[in-house]
Amino acid sequence: MILIDSHCHIDGEQFDEDRDQVVRRAREAGVVAMLNIGTGDPHSDDFRRAVAVAEKYENVYASVGVHPHDAKLYDDAAEEHLIELAKSEKVIAWGEIGLDYYYGHSPRDVQRDVFRRQIRTAKELNLPIIIHSRDADDETVEILTEECSYEGFRGIMHCFGGTAAMAEDLMKIGFMISFAGNVTFKKAENLRDAARVVPLDRLLIETDCPFLTPVPFRGKRNEPSFVVHTRSFGGTLFDRRGESRGRDHCELSKDLRIGREKGCSGNGIMC
Ligand SMILES: [Zn+2]
Ligand SMILES: [Zn+2]
């Protein structure tokens, strides 16, 4: 089985003890690439650390971008710092950015402004964007509809938690839809309904580790190798032979080249 983990956080301290083994286990499980999402305080070393992990391991890539929790920390200096880090060959996306009204760690108007500003920065840098949305789906779709209608747009809605209708709206704009381990949870029939409307050439899976550990390891620390369990659990959800380009998700992943190669077609990190 060949897979990618389109969204993980392996630079965090939860992995300080055994990061080498975590990356090795992922590779042994067939995870050919991992996208390590930088988060944290843009005035600290948090993002430098995320990029350093990507630079250390051949099959790990990174993104930079300020999470809606930290939107209140975004300013010119933060932006300059992240743009500088994005010069690394290993930084292939901007995110995760978006709106999180569930926790509300930053005021909503600040979240909205910083969200729009970062979409525009990513556009200037020609980087795909990675979106986080929680309890703010209508406004997220509204902002994305307004901001993302430019040529060459590429984006991923990560840890999809919305309805099938929202998935369809986002795909119209050009988004890939990524499902995390919570799609395996018993009560997540709504997520599985949404996954069914996403064609394989628009569908990604991710761990969002160390959180959202899939069944059967729910409760333990999540890690990129566990994306295999999300894939297996999905069964026919993620393995629909005959659909799309006649390939299932595993085969599709072989086509995946993460990078900024010119002539990259499709959306985001999937070529
Ligand atoms: Zn997120
Ligand atoms: Zn994340």
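Reader: Among contacts in the protein chain between residues at least 6 apart in sequence, what percentage join residues at least 24 apart?

Author: The model shown above is predicted, and the protein chain in it has nine helices and eight strands. When contacts between residues at least 6 apart in sequence are considered, the share that joins residues at least 24 apart is 74%.

Reader: In what order do the eight strands stand in the open sheet, and which strands are at its edges?

Author: The eight strands form an open sheet with parallel pairing, in the order β1-β2-β3-β4-β5-β6-β7-β8. A strand with a single partner has one side left without a neighbour in the sheet, and the strands placed in this way at the edges are β1 (3-8) and β8 (203-205).

Reader: By what angle are neighbouring strands of this sheet turned against each other on average?

Author: The pairing in this sheet is parallel, yet neighbouring strands are still turned against each other. With direction ignored, the average turn is 30°.

Reader: Which residue in β3 stands opposite Ile-37?

Author: Strand β2 (residues 31-37) and strand β3 (residues 60-64) run parallel and are joined by four bridges. Along this pair, Met-34 stands opposite Val-60 in β3, while the residue of β3 that stands opposite Ile-37 is Ser-63.

Reader: How many bridges pair β4 with strand β5?

Author: Strand β4 runs parallel to β3, to which three bridges join it, and Ala-62 stands opposite Val-91 in β4. Towards β5 (residues 129-134) the pairing is again in the parallel sense, with Trp-94 standing opposite Ile-129. The number of bridges between β4 and β5 is six.

Reader: Which residue of strand β4 is joined to Gly-95 by a cis peptide bond?

Author: Strand β4 is largely enclosed by the rest of the structure, because 10 of its 10 residues are buried. Within this strand lies Glu-96. The peptide bond that leads there from Gly-95 is cis, with omega near 10°, and the residue asked for is Glu-96.

Reader: At what angle do the axes of helix α5 and helix α6 cross?

Author: Helix α5 (residues 137-147) and helix α6 (residues 164-173) have axes that come within 10 Å. An angle under 35 degrees counts as roughly parallel, and that makes α5 roughly parallel to α6. The crossing is left-handed, and its angle is roughly 15°.

Reader: How do the residues of the contact of α5 with α6 divide into nonpolar, polar and charged?

Author: On the α5 side the contact is made by Asp-137, Val-141, Leu-144 and Thr-145, and on the α6 side by Met-166, Asp-169, Leu-170 and Ile-173. Taken by kind, these residues divide into five nonpolar, one polar and two charged.

Reader: Which strands does helix α8 touch where it packs on the sheet?

Author: Helix α8 (residues 227-234) packs on the sheet with its direction at about 115° to that of β1. Its buried residues are Val-227, His-229, Thr-230, Arg-231 and Gly-234. The strands that α8 touches are β1, β2 and β8.

Reader: Is Cys-159 buried or exposed?

Author: Cys-159 is found in the loop between β6 and α6, and has a positive phi of about 45° although it is not a glycine. The cut-off for a buried residue is 20 or more other C-beta atoms within 10 Å. Since Cys-159 has 24 other C-beta atoms within 10 Å, this residue is buried.

How values were computed. Residues are numbered from 1 along each chain as its sequence is written. Chains are lettered from A and ligands numbered from 1 in the order in which they are written. This is a predicted model: local features need pLDDT of at least 70, side-chain atom pairs count only at pLDDT 80 or more; totals for chains, interfaces and linings use all residues. Axes are lines fitted to C-alpha atoms, for helices over the stretch in contact, and angles run from 0 to 180 degrees between N-to-C directions. Helices (H or I, at least four residues) and strands (E, at least two) are DSSP runs, numbered from the N terminus. Angles under 35 degrees count as roughly parallel, over 145 as roughly antiparallel, 65 to 115 as roughly perpendicular and the rest as oblique. A crossing is left-handed if the near helix is turned anticlockwise from the far one by less than a right angle, and right-handed if clockwise. Two residues are in contact if their C-beta atoms, placed from the backbone, lie within 7 Å. Ala, Val, Leu, Ile, Met, Phe, Trp, Tyr, Cys and Pro count as nonpolar, Asp, Glu, Lys and Arg as charged, and the others, Gly among them, as polar. Two strands pair if DSSP finds at least two bridges between them. A residue is buried if 20 or more other C-beta atoms lie within 10 Å of its own, exposed if 12 or fewer, and partly exposed in between; C-beta atoms are placed from the backbone.
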